[in-house]
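Reader: I would like a close look at one part of this model: the aromatic rings. Take me through how they pair, then turn to other contacts of interest.

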Amino acid sequence: MTSSQNWRAAVARTGPDRMPYLIYLTKASWERFGAEQERVVLAHPDTWPGWRPGAYRDILAQPWSIKEDPDRDFVDDWGCVWRTTQHGFVGTIVEHPLASPGALHGFAPPPAETYNGGQTAVDFARAAAHFANVRKNGGIAHGSLDHGFFLLRLEYLRGFENFMCDLIEPGDDFRRLHATVHELNRTAVRNWLAAGADMVGLPEDLGGQDRSLIGPRFFREWALPCYVELHRLAQDNGAMTYFHCDGNIMDIADQILEINPTVFNPQDRANGIENLRDAFKGRITLDLDFDRQFALPFGSPRDIRELVEHEVRTLGSPEGGLMVKVEIRGDVPPDNLDAVASALEEYSTFWSK
């Protein structure tokens, strides 16, 4: 199989040659470890095929994304002001433009034709040209709304305390905002479909350390119908959907099954490997987010290898249905990067040997 064919087989649970995985090396990791990290990359040509020695210097020469630059604020399409204190990390919002009752009553949304969740506008004609080239080369055209496109967008606009109060005692202005954001998201999904996306990403962070942020009752009332509609819109028009969600979401796992994304991207130890197995295995393909809180920065190479093995044995199967995504930031030592690459290379064929 080509990598795209293998990926599709894993997603469809029709027997891939190997478990797909992705190890993403952030600029922050290159900034801290540079040549030491590159030695690990060069030792794993199966994971990073075609890596050119010294290529990390090109990455370091690029400016920081405005969203990850503590020297300047980022203002999104709605007027939310974002600020970070550390290079390489998206910051938090320091100005919520609809926090006051007057602003909420008189808000004007961004233009619908370029809307993509509220952070950064998208040129969908340019995206269509890019997708055509991706498919020509045998790839999968993956479009995505901005991270935090719906529930988080409402919180970004109103502020956390206001948003929580809105859910409990919603006024007409909040209901209008909720409907407006959902309609803009519908338009964005339609625009990605028109551009030719094979998969549409719908990423949010809905979990805390031990439970979902708004709980099952309010999730069912305010979120579930909208998420279901967006995923059905994409799927009914021939596209796959990808639902990212950080944090512990086990108390709304049954509702995520109702959303029924093609691929669900949860965090591993934040939810519990066995909990994820019991809720999702054989029902939804998982693109598992590997433990960034503990194992990668603080664990030993042995800890990392054992966690990879446990996840593959518990959540994988010969049919597929499991992928792993690893994000390497500046707190991950090269020995641990080497450990996770070695373990994924070994266990990616565990079910197909």
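Author: Start with a cluster: ring pairs link Phe149, Phe150, Phe219, Tyr227, Phe243, Phe264 and Phe280. Rings of Phe, Tyr and Trp (its six-membered ring) pair if their centres lie within 6.5 Å; planes under 30 degrees apart count as stacked, over 60 as edge-to-face, and the rest as tilted.

The model is predicted, so local features need pLDDT of at least 70 and side-chain atom pairs pLDDT 80 or more, while totals for chains, interfaces and linings use all residues. Residues are numbered from 1 along each chain as its sequence is written, and side-chain values use heavy atoms, without hydrogens or water.

Across the whole structure, a search finds 17 aromatic pairs. One joins tryptophan 78 and phenylalanine 107: the ring centres are 6.2 Å apart and the planes at 50 degrees, so this pair is tilted. It links distant parts of the chain, 29 residues apart. Tryptophan 78 is in the loop between E2 and E3, and phenylalanine 107 in the loop between H4 and H5. Helices (H or I, at least four residues) and strands (E, at least two) are DSSP runs, numbered from the N terminus. Tryptophan 78 is buried, at 9% relative accessible area. Phenylalanine 107 is buried too, at 10%. Buried means under 20% relative accessible area, exposed over 50%, partly exposed in between (1.4 Å probe, protein chains only).

Now go back to the cluster. The rings of phenylalanine 149 and tyrosine 227 have centres 5.9 Å apart and planes at 75 degrees, so they pair edge-to-face. Here, too, distant parts of the chain are linked, 78 residues apart. Phenylalanine 149 is in the loop between strand E5 (142-144) and helix H6 (151-158), while tyrosine 227 is in helix H9 (residues 215-236). Both phenylalanine 149 and tyrosine 227 are buried.

Rings also take charges. Lysine 27 lies over the face of tryptophan 64, 4.3 Å from the ring centre. Arginine 329 has its charged end over the ring of phenylalanine 89, 4.6 Å from the centre. To count, NZ of Lys or CZ of Arg must be within 6 Å of the ring centre and within 35 degrees of the ring normal.

Asparagine 116 counts as buried, at 3% relative accessibility. Beyond neighbours within four places in sequence, its contacts (heavy atoms within 4.5 Å) include Phe124 and Trp192. A polar atom of its side chain lies 3.0 Å from the backbone oxygen of serine 144.

Technical notes: A polar contact is a pair of N or O atoms within 3.5 Å; within protein, one must be able to donate a hydrogen and the other to accept it, and residues adjacent in sequence count only if both atoms are side-chain atoms.
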